[in-house]
Amino acid sequence: MRSSAIRRTAVAAAAVSLALLAAGCGGGSDSGSDGKKADTKGKESAAAEPAAKVLSAAELEKAALAQGDVKGHKISEAAAKDVVATDDIKVEKEVCTPLANALMGAQVGEPGAFTKRTVVSEPKKGAMDKATGDAEDAFKAAFDITTTQLALGSYDGKGAQESVAALRTAATECAGGFEFTAAGEKQKINKITEVQVKAGEESVAWTMELEQGGEKGEMKLAALRQGSSFASFSSINLAAMGGGSFDLPTAVIEAQATKLA
């Protein structure tokens, strides 16, 4: 497979490792005073419910995962070369833009504060010992490493909820695949399949088939919302790039949700 913006990031990170009307329909003419009472009560309830705290840039940095937060993983601030601006991502179908942005670890929506981390799983102990003399088997054993680009933002108003909703809509509308260009390189997603994840107040996740240079590989994309914060997790595993599968990085996702709670 030719080098791509997605794959280059994973290769670099892996090398370092190796050394995201409940109200019933009431009808009729009696809706007058009762309707007003219900409306007033609803407004009072909404007013009494405290708004989620919007994290400042400094607070967001503290809430983001750091080295030592996830056992068996190396966590670092994302390198400048791994940060792709939304302006550098061009999507064939506009409705798919939130997915393309999240896949590249870019902003989804308009966060007031934003930060990124690179999370790399450490090689599994004894993996090389179990590998056969076959070169492909040895490669998969050595590079069975999942690299996750974690993008974390805090939002005013309902920005975090809207980011989750935008991803859900995009996944439905673009389930059959889509193409986009990131940092000048063409990327193609052939299909999107939803997978189960539970973290934070809201969470979503998918498996995506990536095609590059005629070869296919698997990616995972997850996202969660906790209060006014939204996190996306774009993951790739080098050993699965030529075919095969890998697990969603649930330990990473759950750890970030815990820090945000």
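**Salt bridges, cavity and backbone**

Guide: In this predicted model, Glu202 and Arg225 are both buried.

Visitor: Which elements hold Glu202 and Arg225?

Guide: Glu202 and Arg225 form a salt bridge, with their closest N and O atoms 2.5 Å apart. Parts of the chain 23 residues apart in sequence are tied together by this pair, because Glu202 lies in strand 7 (residues 202-212) and Arg225 in strand 8 (residues 215-226).

Visitor: Which residues are linked with Glu202 and Arg225 in a network of salt bridges?

Guide: Glu202 and Arg225 pair with each other. The network that contains them also takes in Arg168 and Glu201.

Visitor: Is Arg117, the salt-bridge partner of Glu61, buried or exposed?

Guide: The closest N and O atoms of Glu61 and Arg117 are 2.7 Å apart. Glu61 belongs to helix 3 (residues 57-63) and Arg117 to strand 3 (residues 113-121), 56 residues apart. Glu61 has a relative accessibility of 34% and is partly exposed. Buried means under 20%, and Arg117 is at 7%, so Arg117 counts as buried.

Visitor: How many residues apart are Lys259 and Asp69?

Guide: Lys259 and Asp69 form a salt bridge, the closest N and O atoms lying 2.9 Å apart. Lys259 is partly exposed at 30% relative accessibility, and Asp69 is partly exposed at 34%. Lys259 sits in helix 8 (residues 250-260) and Asp69 in the loop between helix 3 and strand 1 (73-77), which puts them 190 residues apart.

Visitor: How many salt bridges does the count come to?

Guide: The pairs above, among them Lys259 with Asp69, meet a cut-off of 4 Å between nitrogen and oxygen. By this rule the count is nine.

Visitor: Which element gives the most to the lining of the largest cavity?

Guide: The largest cavity has a volume of about 40 Å³. Two or more lining residues come from each of strand 4 (146-154) and strand 9 (229-237). The most, three residues, come from strand 4.

Visitor: How many charged residues are in that lining?

Guide: The lining includes Phe114, Leu152 and Phe230. By class it has seven nonpolar and three polar residues, and the number of charged ones is none.

Visitor: What is the phi of Ala183, and where does Ala183 lie?

Guide: Most residues other than glycine have a negative phi. Ala183 is not a glycine, yet its phi is positive, at about 50 degrees. Ala183 is partly exposed, with a relative accessible area of 48%. It lies in the loop between strand 5 (178-182) and strand 6 (185-194).

Terms used: Residues numbered from 1 in each chain as written. Predicted model: local features only at pLDDT ≥ 70, side-chain atom pairs only at ≥ 80, totals over all residues. Heavy atoms only, no water. 1 Å grid on protein atoms, 1.4 Å probe; cavity = no way out; pocket = protein on both sides within 12 Å on 5 of 7 lines; lining within 4 Å. Points joined across faces, edges and corners; volume = space filled by probe spheres on them. Helix = DSSP H or I, 4+ residues; strand = E, 2+ residues; numbered from the N terminus. Nonpolar A, V, L, I, M, F, W, Y, C, P; charged D, E, K, R; others polar. Buried < 20%, exposed > 50% of the residue type's maximum accessible area, 1.4 Å probe, protein only. Salt bridge = Lys/Arg side-chain N within 4 Å of Asp/Glu carboxyl O.
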